[in-house]
Amino acid sequence: MCRGIQHPVRGLFLRSYLAQVSRDKLPDIGSEYEGDADTVVDAVEFVLQNFTEMNKLWVRMQHQGPAREKEKREKERSELRDLVGKNLHVLSQIEGIDLDMYKETVLPRVLEQVVNCKDEIAQYYLMDCIIQVFPDEYHLQTLDVLLGAFPQLQPTVDIKTVLSRLMERLSNYAASSADVLPEFLQVEAFSKLNNAIGKVIEAQPDMPILGVITLYSSLLTFTLHVHPDRLDYADQVLGACVKKLSGKEKLEDKKATKQIVALLSAPLDKYNDIVTALKLSNYPRVMEYLDSETNKVMATVIIQSIMKNKTRISTADRVEALFELIKGLIKDLDDAFHDEVDEDDFKEEQNSVARLIQLLHSDDPEEMFKIICTVRKHILGGGPKRLPFTVPPLVFSSLKLVRQLQGQEENPFGEEESTTPKKIFQVLNQTVETLSNIPAPELALQLFLQCAEAANDCDLEPVAYEFFTQAYILYEEEISDSRAQVTAIHLIIGTLQRMHVFGVENRDTLTHKATGYSAKLLKKPDQCRAVYACSHLFWVDDQDNVKDGERVLLCLKRALRIANAAQQMSNAARGSAGSVTLFVEILNKYLYFFEKGNPQITVAAIQSLIELITTEMHSDSSTLDPAADAFFASTLRYMEFQKQKGGAIGEKYEPIKV
Amino acid sequence: MVLVLAIGDLHIPHRAPDLPPKFKSMLVPGKIQHIICTGNLCIEEVHDYFKTLCPDLHITRGEYDEDSRYPENKTLTIGQFKLGICHGHQVIPWGDLDSLAMVQRQLDVDILVTGHTHQFKAYKHEGGVVINPGSATGAYSSFTYDVNPSFVLMDIDGLRVVVYVYELIDGEVKVDKIDFKKTATASAH
């Protein structure tokens, strides 16, 4: 009867009403309407017919009316689509439809209508509807039929979206419970989907690259959920992607590159482990097609994954593979002539590379040395802007290795090739040298001194001397900023003071130089402090042959002269003497060596220094300096305290009048 | 009670990738009133992280610090105590307690917080207390072998300060505490 109404919209509404009204009167299993005459089959037939007719009416709407109103018609159609889709919904609700009936009757009939109507809008909507409305188990079991329909659809239908949605549903289904996974294997879901996608892409050679990647992205997610242990499947998907990408230029499309990042991040998220992702041979190949900006984004994603999961990268091969992947961060790629990188971003990137380097570790010294050399090879290509960030962590990794080897006995019968501290120091020397050329002399100096200390602990005198030489050269030739000089001097003196490996000659040379530098610092107070710090170079507690009382006194006296000169300068320049702080500091140093038992520091010397300070403080031209007063007062208190201690110390301090 | 966190020598990212997660989970914002940092963070990110823990942040410069504007030393007063901070690479010989005592006298402080050696120390002498919180990340040090990550929390209450040291040993956080009382005469100037 409804056939009589051929006007599309009216027909649609009429049939929709029919569907609604008949809904609960269908002779479904267990319904009151079931009987000998009317069974589920009839119910199904009824709904299918209604569906078919409604679809025909719906499609007819497309062609009615003038061509210029096409857009308006399509909009109208879009609004009415749920009416048609309702039938499918009803079908899905019919309990009497089991898998067999779905397979034999329902799906084929529905698909027949969908394909034959040759209407783009209908096809897109209805395929999607089928996927959303019927249960996932059914889809799995009818995968062949379902996928077989896709190539028969109109070429303008957005198949990739529908396919992606299908795969998404199936992925979620797989994720919902482990019990359903065998089903996937049984129906060979992966290969069917893979083939279907291949066919779709082949059939649409003009599909934009974004579409291709989206499809493969969905397939990859599907694969990771359903076959997490089949790395070869995942690799296949990536391989297909590479094939499709090859022959094209590096991607410019922002959306496409975003999709690729999603594609590549999926295995990382799933496996929580870059090491597993590195086993996918096509993974790096996909990355080749990223422009340098996106390569950096992906590299950062990878590093963050490593840091979050504390992945141990423990072989040189893996390090090599990893650094190939993240090369966008390590060096300037060819097409990176363009924009200025934002400085803060650049710093953040390089700092994350630095942190990454800390995580590369193997307990086996040989392997660790290989790792260090691999990293070194890569970072040296990074250019002057990157080296100050990447060299220090590598240096400290190397020093840690040296320390580890220190603990082990030197094997005199060891292999020629085996790793020794000496070898590592050679590498270190060359590595730190690269910093001097950038220029980053302060950093290089600090690192050379660190290496010197490590060499000292290994009893390698010539190596330690070489490092000191490098540091001194840098100081003389490259470090001209006053503040930097002061810091450098402190580090030089502090390090040298701790060296026990040097013989007398070497030590003397280095000490002489250090005191020379100290006396030539720009500001007098800095000079004074550096010179009295040098006094410690001549007296080291735990080294009996370094207890030269005279040289200590010479340093302290020199410091006094400089302090005096500073006072005079202050008088001349400002009309008042400067603060007595320096004198009090020197007094403290006198006390230090006095207590250590330096025979050259006499009670008389201390006494006269105390008087000098007292006089200076009370003189008319002195500057008011409460800090210096307090310092002097607490020094005197200290001396009093030592007197009260009694014993050997008390005896020493006894003669001093405070 | 005033909680003061003393922490330093993290050397991120030169020598360590990050704070140990067990420490991170202990250091929550809002619990600490002051942070005293001996230096060698080294990068701004660490500075920002400390700021989120507590806005009252005092830092002195370590030789590897990226920001060269941090002062060489700093003094501040918390309650009845005067505290001084100095990284320590400037004090020679490094780690020498007598030389550090001199700095303490010079800065005229009750508590001197210093670093550089990556070795925890809490040492009382006639002029006051010297505290070295060690390295919070257990960073490599030419001075100390086998550095355990450590930091210090000081609880200042009137004339008394309780120093809690947290050390990460073999994956477990161990806590120790030391009491110091300030005598009234020591503060007379």
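The largest nonpolar core holds 227 residues, and L91(A), I274(A), Y283(A), I302(A) and F425(A) touch the most other members. Helix α2 (residues 40–63) of chain A gives the largest share of this core, 11 residues. A nonpolar core is a set of buried Ala, Val, Leu, Ile, Met, Phe, Trp, Tyr and Cys residues joined through side-chain atoms within 4.5 Å. Buried means under 20% relative accessible area, exposed over 50%, and partly exposed in between (1.4 Å probe, protein chains only). Helices (H or I, at least four residues) and strands (E, at least two) are DSSP runs, numbered from the N terminus.

This is a predicted model, where local features need pLDDT of at least 70, side-chain atom pairs count only at pLDDT 80 or more, and totals for chains, interfaces and linings use all residues. Residues are numbered from 1 along each chain as its sequence is written, chains are lettered from A and ligands numbered from 1 in the order in which they are written, and side-chain values use heavy atoms, with hydrogens and water left out.

I302(A) touches L268(A), I274(A), Y283(A), M287(A), L322(A), L325(A) and I326(A), not counting residues up to four places away in sequence.

H490(A) lies in helix α25 (residues 482–498) of chain A. H490(A) counts as buried because its relative accessibility is 14%. Leaving aside neighbours within four places in sequence, H490(A) is in contact (heavy atoms within 4.5 Å) with H89(B), Q90(B), I92(B) and W94(B). H512(A) sits in helix α26 (residues 504–519) of chain A. H512(A) has a relative accessible area of 59%, so H512(A) is exposed.

Next come the cavities. On a 1 Å grid over the protein atoms alone, a cavity is a set of points where a 1.4 Å probe fits but cannot get out; lining residues have an atom within 4 Å of a point. The whole structure has two cavities of 30 Å³ or more. The largest cavity has a volume of about 160 Å³. Its lining has 18 residues, and Q450(A), E63(B), W94(B), H116(B) and S142(B) are the closest to its centre. α23(A) gives the most to this lining, with four residues.

The second largest cavity has a volume of about 40 Å³. A19(A), S22(A), L26(A), F46(A), V47(A), N50(A), N87(A) and V90(A) line the second largest cavity. α2(A) supplies the largest share of that lining, three residues.

Methods
On a 1 Å grid over the protein atoms alone, a cavity is a set of points where a 1.4 Å probe fits but cannot get out, and a pocket is an open set with protein on both sides within 12 Å along at least five of seven lines; lining residues have an atom within 4 Å of a point. Grid points are joined across faces, edges and corners, and a volume is the space filled by probe spheres set on the points.
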